[in-house]
Amino acid sequence: MSAASVSPARPPLGLAIVAVASGAAASAALLFRALPDARVAAAFFAGMLAFGLPLALAGRRGAREASAEPAEPFVDRALLRAALDGSADAEAITDGDGALLAANTAYEQWFGAASPSAASEDAAGALRKAARDGNARLCFDGAEAEISAVGRHLLWRFGRRAADGLDAEVKRLISGAAGDRLGQAGIMAALADGEGKLIAANRAFLVRALGETAEGAGAALVDLLGIAEDGRFHFLREGKESGALRIVQVPVTDAEAPILFLLLDEQGAPGAGGTSLNGLLDILPLGLALADRDGRFVYLNAAFRRAAGLSQKAAPVWPSDLVVDEDKAPVADSVRRFARGPSMSGDIAVRLKARRDEPVALTVAGARGLGEAAVLLSLKDNSEEDRLKRQIAQATKMQAVGQLAGGVAHDFNNILTAILGYCDLMLMRHAPGDSDYDDIQQIRSNSNRAASLTRQLLAFSRQQTLRPQVLQLPDVIAEVSTLLKRLLGETVKLQVKHGRSLGAVRADPGQLEQVIVNLAVNGRDAMPEGGTLTLHTYSVSADDVRRMGSEILPIAEYTALRVTDTGTGIAPHLLPKIFEPFFTTKEVGKGTGLGLSTVYGIVKQSGGFIFAESKEKEGTSFVIYLPVHRAEKLAAPRKGKEKPGELWGTGTVLLVEDEATVRAVAERALTRHGYTVLVAENGEAALEILAREPQIDLMVSDVVMPTMDGPTTARAARKSHPDLPILFISGYAEEQLRQSIDLDRVHFLAKPFSVQKLAEAARDALQAK
C-alpha cells in the first residue's frame with residue numbers, strides 16, 4: 001500500500017466520549033474551587049458536554065470524508081468568463097461531456113446560452129477526439145470551432161462567420177455609444193431579423209417602445225408599433241396621441257434580413273427647436289439644406305448658412321435666391337428635376353450672391369423617406385480654402401515677379417557698369433571747367449539714379465547685397481529722424497515712441513534706414529492735408545506671438561516697429577497688391593511703385609516679416625517684426641584712411657567677364673592703376689590662360705556666365721593655383737553667392753561699380769593674400 005492511501009488513525013467512539021466527559025468534569029472542578037457555587041459548576045459541566053460531544057462526532061465524520069475519494073474541484077465560473085472576455089473571438093469552456101461552464105460576450109452574442117455541443121450531430125465524435133488527441137475541429141451553427149483539451153475541460157474557439165460581418169458590426173454600433181449619439185440627435189434605431197423580431201436597439205428606441213428598464217431583444221416590432229387611420233406609425237405604448245413616426249428602412253447586407261430601422265419623431269423632442277432630422281443636420285459640419293417637391297426650402301443648417309453667406313435671420317424661399325441672376329434658372333431646374341426623378345445626385349457650379357468672384361459647387365440629390373423634404377442640397381464653405389488659394393497665388397506671383405525683377409536688374413547693372421566706367425575714364429581726361437566735364441557729370445549722375453532703381457528691384461527680389469550688423473532699432477530711428485522731419489514737412493507731425501527691453505536685431509543699418517524713409521514718405525503722401533506719423537518700437541515675446549495665432553509669423557521673440565499714419569487709408573481690394581513692384585495708387589508721374597516693394601524685400605532678406613493694416617479714412621499701419629539676435633555684438637572692423645596713391649598696384653590680373661562692355665571697362669580701369677591684365681570671355685578660356693601663364697596674382701571673375709560660371713571656374717583654378725585670391729563681381733547678393741561657394745580667400749564687388757571701387761577691391765584682395 002502506498003503512503004498516499006494510508007488513512008489517519010481514529011480513536012474509538014467510546015474513548016472519545018469518555019475523554020470529553022473527563023475534560024468537562026475537570027474544568028468544572030477547577031471552576032468550583034475558584035468559585036464555590038455548586039449550581040454554577042453544574043451548569044458549566046452540562047454546557048461543556050453539550051458543546052464538546054457534537055464536535056467530537058463531527059470530527060469523526062470529517063475524518064471519514066477525508067479518507068474517501070477526493071471531490072470534484074471547485075470551478076470559479078466568474079473568473080473563467082473574465083479571462084475569456086479578454087479575447088475578441090467567440091470562446092467557451094465546457095466540461096469533458098460538453099456541458100457549458102463559461103463563455104465570453106462574443107460567444108453569447110453569436111449563440112446565446114446554448115452549449116456548443118448541443119446543436120451538432122458530430123459533437124460526440126469531436127469530444128472524443130479532443131480527449132484523445134488534445135484537439136479537434138467541429139462545424140457549429142455555420143462557424144468552425146477549434147476544440148482544445150485543457151485538463152479535464154475543453155476550450156472552444158470560434159472563427160468569425162461570414163454572415164456575421166456587417167450585421168454584427170451594426171448590432172454593436174447601435175447598442176453602444178454610437179447608438180446613444182443617434183438618440184441624442186433624436187434618432188431611434190432598431191435592428192430586426194427577417195421575422196420582424198428585435199435583435200438590438202439603441203436606448204432612445206427602447207425607452208419609447210418598452211419603458212425605462214425593459215430589454216427589447218426578441219420582441220416583435222408589430223407588437224411595439226401601431227398605425228393610425230391616416231397611415232402614420234406610432235408607439236403602441238404611448239398611444240395614438242403620441243408623435244407620429246417617420247420610418248426609414250436600411251438594408252444591412254445584400255440579404256433580405258437583417259434590416260435596420262431608423263425612426264424619426266415628426267413632432268420632435270421637447271425643446272429641440274425643430275424636427276429630429278433637423279437636429280441631426282445641425283450637428284453635422286457639412287452645409288446641408290432640405291427642399292420640398294416644389295423647390296422651396298424646408299430647412300437650412302448653420303453650416304449651409306455660413307457657406308451661402310446668410311445671416312441667422314435670413315429666410316430665403318428658393319435655392320435660386322442664393323445665386324446670381326445668371327445661375328437662377330439652372331439651379332431651379334436642377335432642384336425640380338431631382339425632386340421628381342429617381343434618387344440620384346449631381347453637382348452644379350454656381351456663383352453665390354455673397355461671393356460673386358469665384359464659383360462654388362452645389363450638390364443636389366433626390367431624397368426619399370424624409371417626409372415633405374424631397375431634395376437634399378449640399379454647399380461647402382470654401383471661404384478658408386479660397387483665402388489660402390489667394391495667399392498661395394499671391395506668394396507665387398510675388399516670387400515670379402521677384403525673379404523677373406532680379407534678372408532685369410542684373411542685366412541692367414552690366415549696362416550701368418559700362419556707362420559709369422566710361423564716365424570715370426572720361427573724367428580722368430577732363431578737368432573741372434572743361435566744356436565736356438559738366439555733361440559727363442550729368443551722365444554719371446543719371447546713371448547713379450538708375451543704379452538706385454536697380455537696387456530697389458534687387459531689394460524686392462531679395463538679391464541685393466546687405467552688410468548686416470547687430471544694432472538697436474531706436475538707434476537707427478535716431479539717425480534718420482532729422483531726415484524724416486525734412487521729408488515730412490510742416491503739416492505732418494512726427495511722433496516717436498520706444499518700448500522697454502528691446503532686443504537687438506541683425507540687419508543692414510543703411511537698408512533699415514531706407515525702409516523707415518520709404519514708409520514715412522508713403523505715409524506723408526497719404527496725408528495731403530496733414531496728420532500724424534507715429535514710429536513705435538516694442539518687444540514681442542514668444543507668448544505674444546502664440547496668442548496672435550498667426551499662420552505666417554513663427555513663434556519666436558521679435559523687436560517690432562509700427563509705422564502708423566492718419567491718412568486716407570487703403571481700400572481692402574488694393575491691400576494685397578501694395579507690395580508688388582511698380583504698383584502705385586498715386587497719380588501718373590508721382591511714384592515709381594517701388595517704395596513698398598523695396599521695403600518688403602529688405603525686411604524679408606533680413607529675416608523679418610511685414611504686415612499692413614488699414615481702414616479707409618482712418619489710416620494705415622505697417623508692422624515690421626525683426627527676430628531678436630542673441631549672439632554677442634561683433635565689433636566692426638576699422639578701416640584706415642585711404643590715400644590716392646594706395647590704389648596703384650602691380651601684378652598680373654586675370655579678368656573673366658562674358659559681357660564685352662564690362663570687360664573692356666574693367667580692363668582699362670585695372671591697367672590705368674598699374675596692373676597687367678589678361679582677359680578671358682568665359683571660364684574655359686580662363687583655365688587655358690591659367691595653364692600657360694606661370695604667374696597670376698589675382699583673378700577677377702563674373703559670377704553668372706554661360707557654360708562655366710564663376711564659382712565653377714574658381715574651383716578649377718584653385719586646383720592648379722591653390723593660393724590664388726579671387727574677386728567676384730556680380731549684380732546679385734553677396735549672401736547668396738557665399739552660400740554657393742565653399743572656398744576661402746574670396747572677395748566680392750557688387751555691380752554697378754566705379755573705376756575707383758574696382759581699384760580698391762583689387763588692392764584689398766591682393767593685400768589679404
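Start with the salt bridges: this predicted model holds 16 of them, counting a side-chain nitrogen of Lys or Arg within 4 Å of a carboxyl oxygen of Asp or Glu. Side chains of opposite charge can pair when their charged atoms come close. Before you click, note that residues are numbered from 1 along each chain as its sequence is written, and that side-chain values use heavy atoms, with hydrogens and water left out. Local features need pLDDT of at least 70 and side-chain atom pairs count only at pLDDT 80 or more, while totals for chains, interfaces and linings use all residues.

**Stop 1: Arg-351 and Glu-326**

Select Arg-351 and Glu-326, a salt bridge whose closest N and O atoms are 3.6 Å apart. The two come from distant parts of the chain, 25 residues apart: Arg-351 sits in the loop between strand S14 (345–350) and strand S15 (360–370), and Glu-326 is in helix H11 (residues 325–340). Helices (H or I, at least four residues) and strands (E, at least two) are DSSP runs, numbered from the N terminus.

How covered are they? Arg-351 is partly exposed at 30% relative accessibility, while Glu-326 is exposed at 56%. The scale is simple: buried is under 20% relative accessible area, exposed is over 50%, and partly exposed is in between (1.4 Å probe, protein chains only).

**Stop 2: Lys-751 and Asp-702**

Next, pick Lys-751 and Asp-702, whose side chains meet in a salt bridge at 3.5 Å, N to O. Lys-751 is in the loop between strand S28 (746–750) and helix H22 (755–768), and Asp-702 is in strand S26 (residues 698–702), so this pair links distant parts of the chain, 49 residues apart. Are these two buried or exposed? Both Lys-751 and Asp-702 are buried.

**Stop 3: Arg-745 and Asp-723**

Now go to Arg-745 and Asp-723, another salt bridge, at 3.9 Å from N to O. Arg-745 lies in the loop between helix H21 (734–740) and S28, and Asp-723 in the loop between helix H20 (710–720) and strand S27 (726–730), so the pair ties together parts that are 22 residues apart in sequence. Arg-745 is partly exposed, at 31% relative accessible area, and Asp-723 is exposed, at 55%.

For one more charged group, select Lys-129, Arg-132 and Asp-133, which are linked in a network of salt bridges.

**Stop 4: the aromatic pairs**

Switch to rings. A search of the whole structure finds seven aromatic pairs. Rings of Phe, Tyr and Trp (its six-membered ring) pair if their centres lie within 6.5 Å; planes under 30 degrees apart count as stacked, over 60 as edge-to-face and the rest as tilted.

One of the pairs is Tyr-558 with Tyr-625, edge-to-face at 6.1 Å centre to centre and 75° between the planes. Tyr-558 lies in strand S21 (residues 558–565) and Tyr-625 in strand S23 (residues 619–627), so the pair ties together parts that are 67 residues apart in sequence. Tyr-558 is buried at 4% relative accessible area, and Tyr-625 is buried at 7%.

Then select Phe-579 and Phe-622, also edge-to-face, with 6.3 Å between centres and 70° between the planes. Phe-579 is in the loop between S21 and helix H17 (595–605), and Phe-622 is in strand S23, 43 residues apart. Phe-579 and Phe-622 are both buried.

**Stop 5: strand S21 and its partners**

Six of its eight residues are buried, so S21 is largely enclosed by the rest of the structure. Strand S20 (residues 531–540) pairs with S21 in the antiparallel sense over eight bridges, where pairing takes at least two DSSP bridges between the strands. Look for Thr-537 opposite Leu-561 in S21. S21 and S23 are antiparallel too, over eight bridges, and the bridge partner of Arg-562 is Val-623 in S23.

**Stop 6: helix H8**

Which residues of helix H8 (residues 203–210) are buried? They are Phe-205, Leu-206 and Ala-209. Look down the axis of H8: these buried residues fall within an arc of 95° (taken from the directions from the helix axis to the C-beta atoms), so they line one face of the helix. Just after H8, Gly-211 takes a positive phi of about 110°.
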